[in-house]
Amino acid sequence: MDSTITNKKGRTRSIGFIKLLKYLKSYRKGLGLAVTSGVLHHVFAISTSVVCAYIVGLIARDNLSGNGAAILMILGVLVVLRTLMYYGEMWFAHEVAYRILADFRIALYNAVERVSPGILLNMRSGQLASTLMSDVEVLEWFFAHTFGNMIVASIVTTIVLCFLAALNIYLAIIILFLIIIILSIPLLLQKKADEQGRDVRDKLSDANAEAVEGIQGLREILALNYKKGFMKKMYNSIDKLSNSQITYGKRLGLEGSLLHIAVGLAMISILTMSAFLVYEGVLAFEWFTVAVILGGYSFGPIMEISSMARNFGIILASSNRVFEVLESKSLVEYKETSTIKGKFKSDILFDNVSFSYKEDNNNAVDAVSFQVYEGETVALVGHSGAGKSTCINLLLRFWDVKTGAIKIGSHDIRDMTQEELRSMTCAVLQDVYLFHTTIGENIRLGKPEATDEEVENAAKLAFAHEFISGFPKGYDTKTGERGVQLSGGQKQRISIARALLKDTPILIMDEAVSNLDSENEQAIQQALERLRRGRTTLIIAHRLSTILSADRLVVMKNGKVVETGTHEDLLKEGKYYKELIASQYSLPTDVKEI
Amino acid sequence: MDFYSRLFRLTGEIKGVIATKVIIGLSITAAYVIQAFAMARGISIVLDGGYMGDFIKMILISFLCIIARCLLMYANEKYSKKAACDIKKVIRGKVLEKLLFLGPGYQTKKRSGNLQSLITDGVETLEAFLTNYIPQLFIVLFSAIGIGTYVWQLNTSVAFVMIIAIVLAVFGPQASMPLVKKFIQGYWQAYAVLNSQFIDAMQGMNTLKVLNGSKRKGKELALDAENFYRKAVRETTLSLLNSSVIILCMAAGYAFSVGVSVIQVSRGQLALSSLFVILFLAYECFRPIHDLNAYWHSSFLGFSAAREVFSIIDTPAEVEESDSPVNHGSDIKLPQISFQNVSFSYDERETKAIKDLNLCIDPGKTAAIVGKSGAGKSTIVSLLLRFFDPQEGQILFNGENAKNYSLDYLRSQIAVVFQDTYLFYGTILDNIRLAKPNASIDEIIEAAQLANAHKFISEFPRGYDTLVGERGISLSGGERQRISIARAILKDAPFLILDEATSSVDAESEGAIQAALEKLVKNRTTLIIAHRLSTVQKADQIFVLEDGVLAEQGKHEDLISEEGIYSRLIMAQYRVKEVQNG
């Protein structure tokens with residue numbers, strides 16, 4: 001992902017901003033209110049200063065008429081209005097920002113959904129999380145403190161310039177000239193800022209990944225006495241982050257100083273210029289003080305965006321990461337509407353399927369053809385890396401085949417809607433993932449409308465009811481993150497309960513490689529037996545018992561199907577299968593034993 | 001201790017830094033003030049139609065002030081970042097050290113997404129408060145006192161207006177703190193919860209897809225994000241009230257000090273030249289407060305993070321280090337381990353995981369603990385490693401209570417092969433070396449060979465330098481396990497625990513691992529936790545646990561003939577095989 005950013009570096013800035021602006025479109029009303037109150041806030045603030053300067057000028061020339069109370073009253077009203085407008089500006093801007101932030105998170109989730117699990121090939125989950133949450137948080141800066149402020153600043157500056165021009169055109173020209181300088185400073189340092197901003201975010205996400213390791217690998221750290229080493233590693237990544245942030249800070253300081261000089265120069269030039277005008281008799285003294293104050297303080301809004309622009313680097317780096325995910329192309333496109341009429345048969349056909357995970361990689365499966373008849377159980381057998389999991393990934397449409405086709409009931413799965421495919425298939429994956437919610441909800445995932453009774457029934461069939469009801473809170477027991485409190489066997493039984501509840505005609509299984517205690521193993525074997533009954537089943541088999549119980553075997557090697565047939569046939573006729581079984585299951589002794 | 005004073009105490013770590021920042025900040029203010037005087041003087045000169053050369057002099061002074069400020073600001077920005085990085089490092093270190101000390105016991109109660117976001121992003125948010133807000137507080141105080149005193153000499157009523165405005169601007173927001181506090185807490189909690197939910201959902205995306213639940217989960221998350229949005233808006237509504245008070249005080253302070261000055265001049269109670277000074281000075285007086293407000297605003301998220309940081313630092317440890325650890329006994333090659341009347345529950349409300357357990361493992365022998373899942377087998381491992389301490393009874397290590405050793409020493413005497421092995425991001429070499437940081441490459445390769453791991457490692461294009469872990473390539477369960485065994489071999493501790501060591505391993509690897517383990521148990525006191533009964537049959541002693549109670553013990557043959565729980569477990573295993581056979 002980093003390489004793509006560097007490739008696009010030249011045009012990232014403008015593209016980044018245009019993309020950000022696109023997202024602001026649907027928030028026109030809130031933004032409008034924020035900008036209006038923002039303009040008024042500045043107008044009232046500057047008016048206060050102008051009134052102050054004006055009365056100072058008048059009193060200096062003994063021209064002040066009217067009483068003090070009236071003056072204080074006017075000032076009081078201006079002050080209150082300014083405060084109200086400040087509140088309004090900030091409130092509306094934040095409201096819009098938070099709104100957009102919420103929308104962004106959702107959009108990002110949907111993007112991840114679209115491109116999973118492909119995205120995991122490129123990103124580690126720690127980094128993905130950091131992209132989603134922190135980067136989106138950074139974007140708040142743009143939405144709440146940059147975009148609206150830019151409009152406000154341009155409007156307010158125009159008003160001030162007009163006012164100065166009315167006093168004297170030369171004053172306005174000087175200010176305009178200096179404004180251009182002020183705005184060009186961040187532009188000059190832009191490239192550096194972008195690079196540094198990206199670097200800071202990268203380093204932060206590295207530190208993040210390091211922290212994740214510390215938390216997830218805590219047990220190992222303690223058991224191996226690796227505490228010191230880990231802390232050293234952690235401090236090392238913190239130091240790298242620090243260095244990156246300090247570099248960033250230095251540039252920030254440089255930019256700030258340059259801006260400051262420009263503003264200082266503006267103030268001095270206005271003072272000198274208007275003093276000259278007073279000497280010439282062109283400008284009245286009461287307007288002299290006003291001009292000086294305006295010259296000095298009217299840069300407020302411009303300075304605000306300029307100092308905001310100093311952070312554009314970080315904002316852009318974040319938005320680039322966010323868009324990277326948002327705009328990742330979908331791995332598979334589902335048909336929107338169903339084109340298939342009538343009921344499906346549930347047989348599966350792999351027709352000359354080839355696929356590779358990355359363009360330049362070798363094919364993970366190569367011209368694979370096999371068939372699973374309705375109600376039949378077929379086991380995929382082979383060494384790890386032979387392409388078994390890829391077959392299942394393709395059947396689940398996590399990816400699409402490169403060439404060839406996969407058909408269910410003689411329909412290409414690419415012609416099915418998501419709903420159709422998912423209602424035909426259910427998978428029990430090797431790595432059972434339990435969500436951080438109750439066990440009941442975890443079972444219900446596949447069928448949200450299921451009654452408690454149905455959930456319980458599924459659990460009973462999966463031999464999970466007994467241990468679940470053993471928990472004090474039963475089905476309402478919350479699973480910890482990644483199901484820490486449940487044993488592997490228990491998790492698998494929950495996963496089987498899910499599949500039983502979902503009740504689809506096709507079952508896809510990636511058998512867990514792990515061994516289980518005898519109680520669990522017995523329960524799981526029986527539960528699976530029940531699950532498979534009456535279903536078309538494609539299973540990645542690791543256990544000899546599973547291989548033996550399959551109707552037919554598809555033996556894979558290096559992405560190709562080398563042999564198919566029953567266990568007995570293959571033992572008799574096959575060559576590779578015999579080798580495989582002998583090496584993996586130390587046959588023939590094992591066979592005799594069982 | 002009060003939350004704010006604690007936060008404030010954190011800055012004690014960087015006292016010098018804060019002082020320097022205050023000095024730089026005050027110098028900046030001083031440069032502003034000098035410039036204000038110069039400009040006021042310049043205006044007077046213009047009003048009086050004075051000598052142009054004097055006016056130019058004032059302009060030059062102003063210009064010098066600007067240059068001085070630029071340099072100071074540059075230094076300030078650079079220095080601030082450095083200071084911020086230093087303090088963040090200290091805080092991160094404190095939190096991590098504490099987490100490491102608390103051990104896995106604390107983690108089971110906390111969700112890891114939560115902790116991780118605290119350590120990185122959470123601590124990041126503390127920066128604004130610690131390195132900007134606090135020094136600025138001093139700057140406001142000193143500059144206000146300075147300018148206030150000066151104005152007081154010019155005119156007391158003007159000074160009065162200024163001082164009231166300053167006091168309100170600085171202390172007003174503090175007064176509303178208790179109210180705001182509640183909302184901030186809610187905000188951070190919602191943020192953290194949302195964070196872990198997104199991580200949870202994304203990690204389980206495959207499961208969601210398979211179960212046709214990804215869209216539904218998306219809707220759920222949308223609801224949560226909505227909830228977060230509401231909290232954020234509510235928080236802002238309040239926090240903005242705070243900053244509005246500051247804006248109000250500043251604006252009023254400036255306007256009224258100038259307004260009152262004008263009236264004083266018209267009454268002849270203030271010199272005109274002083275009025276010009278006040279016109280500029282009043283602005284300078286409130287400039288630091290304006291910055292203070294900005295810092296205050298950006299400090300908000302940090303408060304909630306600070307609370308989390310404190311709550312971790314304050315968490316009492318599951319185990320305590322002995323005050324005077326013994327740490328001898330390294331001369332005893334083969335330790336003896338015994339449990340005496342040990343009872344333990346993870347949570348006081350829950351039933352005991354271990355009840356009144358007595359067992360003894362003799363030096364150099366291999367003992368096995370068997371039982372159903374949930375019988376308390378893993379708890380025994382956690383107790384031996386002192387992730388927890390038993391509530392009753394004691395665990396003796398070579399006759400000495402395990403609590404009397406230092407944690408480091410105790411853990412250095414134990415090597416564990418866990419059911420699932422965590423690999424850190426880094427090379428395979430690094431991962432094995434964890435067990436013995438000063439091990440030579442030859443030692444590591446030898447350990448890998450003994451663990452039957454050398455072959456598969458050498459088959460990688462980059463061999464031992466292959467990157468593994470979450471960011472590296474993923475290894476199969478069996479491969480990870482063999483790396484774990486290599487670690488244990490390298491660690492060469494006299495007491496070995498095999499915690500379901502072969503259970504997450506595919507058939508391919510199991511034979512290799514069994515062979516490696518058999519080499520490993522030689523010349524060690526070994527405890528095998530197992531549910532694969534075939535692996536425990538050769539053990540010198542077998543302890544059978546049921547519901548946390550020691551139900552049976554003895555050798556395989558004895559237990560079989562007893563026809564108790566153990567023999568039933570064995571029978572169950574045979575039945576599984578029969579089922580598998582069809």
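This is a predicted model: local features need pLDDT of at least 70, side-chain atom pairs count only at pLDDT 80 or more; totals for chains, interfaces and linings use all residues.
**Chain A at the domain level**

Let's begin with the overall layout of chain A. Its domain assignment gives domain 1, covering 13-326, and domain 2, covering 348-585. Between the C-alpha centres of domain 1 and domain 2 of chain A there are 53 Å.

**Annotated spans in chain B**

For chain B, an unreviewed UniProt entry lists "transmembrane region" at residues 21-43, 55-72, 133-152, 158-180 and 240-263. Two of these spans can be looked at in the model itself. Residues 55-72 of chain B are 100% helix and 0% strand, and the end C-alpha atoms of this span lie 26 Å apart. Residues 240-263 of chain B are likewise 100% helix and 0% strand, with 33 Å between the end C-alpha atoms.

**Aromatic rings**

Over all chains, the structure holds 21 aromatic pairs. Two of them are set out here.

| Pair | Centre to centre | Angle between planes | Geometry |
|---|---|---|---|
| W91(A) and F92(A) | 5.7 Å | 90° | edge-to-face |
| F397(B) and Y405(B) | 5.9 Å | 80° | edge-to-face |

Why is the pair F397(B) and Y405(B) called edge-to-face? The planes of F397(B) and Y405(B) stand at 80°, and an angle over 60 degrees counts as edge-to-face.

W91(A) is partly exposed, at 24% relative accessibility, and F92(A) is partly exposed at 25%. In chain B, F397(B) and Y405(B) are both buried. F397(B) and Y405(B) also belong to one aromatic cluster together with Y409(B) and F495(B).

**Arginines over rings**

Chain B also has charged side chains placed over aromatic rings. Which ring does the charged end of R69(B) sit over? That ring belongs to Y32(B), and the charged end of R69(B) is 3.8 Å from its centre.

**A closer look at E456(A)**

Back in chain A, E456(A) is part of helix α18, which runs over residues 452-461. Is E456(A) buried or partly exposed? With a relative accessible area of 30%, E456(A) is partly exposed, because that value is between the 20% limit for buried and the 50% limit for exposed.

Leaving out residues up to four places away in sequence, E456(A) touches H465(A) and Y475(A). A497(A) is 41 residues from E456(A) along the chain, and the C-alpha atoms of these two residues are separated by 8.9 Å.

Technical notes: Residues are numbered from 1 along each chain as its sequence is written. Chains are lettered from A and ligands numbered from 1 in the order in which they are written. Side-chain values use heavy atoms; hydrogens and water are left out. UniProt positions are given in the numbering used here, feature names are shortened, and annotations may be inferred rather than shown by experiment. Helices (H or I, at least four residues) and strands (E, at least two) are DSSP runs, numbered from the N terminus. Rings of Phe, Tyr and Trp (its six-membered ring) pair if their centres lie within 6.5 Å; planes under 30 degrees apart count as stacked, over 60 as edge-to-face and the rest as tilted. Buried means under 20% relative accessible area, exposed over 50%, partly exposed in between (1.4 Å probe, protein chains only). A charge sits over a ring if NZ of Lys or CZ of Arg is within 6 Å of the ring centre and within 35 degrees of the ring normal. Domain bounds come from an automatic or database domain assignment. Contact means heavy atoms within 4.5 Å.
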